[in-house]
Amino acid sequence: MKKIDFMLTAFRDGLQSAYGSRVLSKDYLPVVEACAEAGIDHIEAGGGALFQSSFFYCNENAFDVMDAFRKAAGGGTTLQSLARGTALVGLEGQSTEVVRLHAALFRKHGVDVVRNFDALNDLENLRVSGDCIRAAGMKHELAIAMMELPPDSGLRRGSEFYLNVLRKALDAGIIFDSLCFKDASGTCTPKTVAEVVKGARRILGSKARIVFHGHDTAGLGVESCIGAIEAGVDQVDLSMAPCSGGTCQPDILSLWHALRGTEYTLGIDHHRIIAVEERYKEALKGYFLPPEATRVDPLISFFPMPGGALTS
């Protein structure tokens, strides 16, 4: 059987997508430790709104949280962060000096891999920030942003659109350790996901590490992961309840169940994962789950909605 790697997103993207990252670290860090004990060795630990919300809403120093996260996860766990190109963990582009400082500080505070994305796939932003990530001693995961266009727009971005972005990134000399196709809206069809992964594998060869990141916004999360796996992806991103499904990533146990009887495995002890999920639910039961953090109609999800959750 082929083992498919996964990164657990429950403590960054999951918290951001379901709770706006407004959760105190003291409540979820014990669950991080339990995840490491259960054999989960790759966890998303920073970046995105988690960094901002620590300062803005939780009255915590984000760097202290990162240090505590590393301690809870242990030295054998790969910790990954998200950077918005040259906007880093903010919403505006920063100078090259600040981009370098971001990389140096995130490395200092325990990050091993940075996923680097630009919502418009601006390759110059990705090149500059990617160079700084690697210079700081971290692995650079280049992300190509994907999104299905509204079905009645008369427009469609097929697989060739995203594969052309990859070709341009290679032509631009962007160096990366792994490549992620990032469907931040959760609206791409499984067919498009599979075609993109197959095309990337043809371009990059068998040794390249290819990752798929999606959301379950349109209810297609597990199906898209399976499409990516069958097309040759090395890793998918998964979460845990209560930060799974809806605008979050699919649940580990959902994909584990869907892969039963196939030639693929996640290599987990599902009993231990069930126990960890129950701990996570207990840790977050006192927090308010916003009404937008639920699965919505897949057509409605293609259009901006007032007050809707933002995911990245």
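Two strands are said to pair if DSSP finds at least two bridges between them; strands (E, at least two residues) and helices (H or I, at least four) are DSSP runs numbered from the N terminus. The model is predicted: local features need pLDDT of at least 70, side-chain atom pairs count only at pLDDT 80 or more, and totals for chains, interfaces and linings use all residues. Residues are numbered from 1 along each chain as its sequence is written, and side-chain values use heavy atoms, with hydrogens and water left out.

Begin by selecting strand β7 (residues 178–182) together with β8; the two pair in the parallel sense over four bridges. At K182, the residue standing opposite in β8 is H213. Next, follow the chain from β7 through helix α8 (residues 190–204) to β8, a right-handed β-α-β crossover; right-handed means that, with the strands pointing away from the viewer, the path from the first strand over the helix to the second runs clockwise.

Now select β8 itself, residues 210–213. I210 and F212 point one way, V211 and H213 the other, and all are buried (under 20% relative accessible area, with a 1.4 Å probe and protein chains only). In a regular strand the side chains alternate between the two faces of the sheet.

Move on to strand β9 (residues 235–238), which pairs with β8 in the parallel sense over two bridges. Here V236 is the bridge partner of F212.

Finally, select Y57, in the loop between α3 (48–56) and α4 (62–73).

How values were computed:
Buried < 20%, exposed > 50% of the residue type's maximum accessible area, 1.4 Å probe, protein only.
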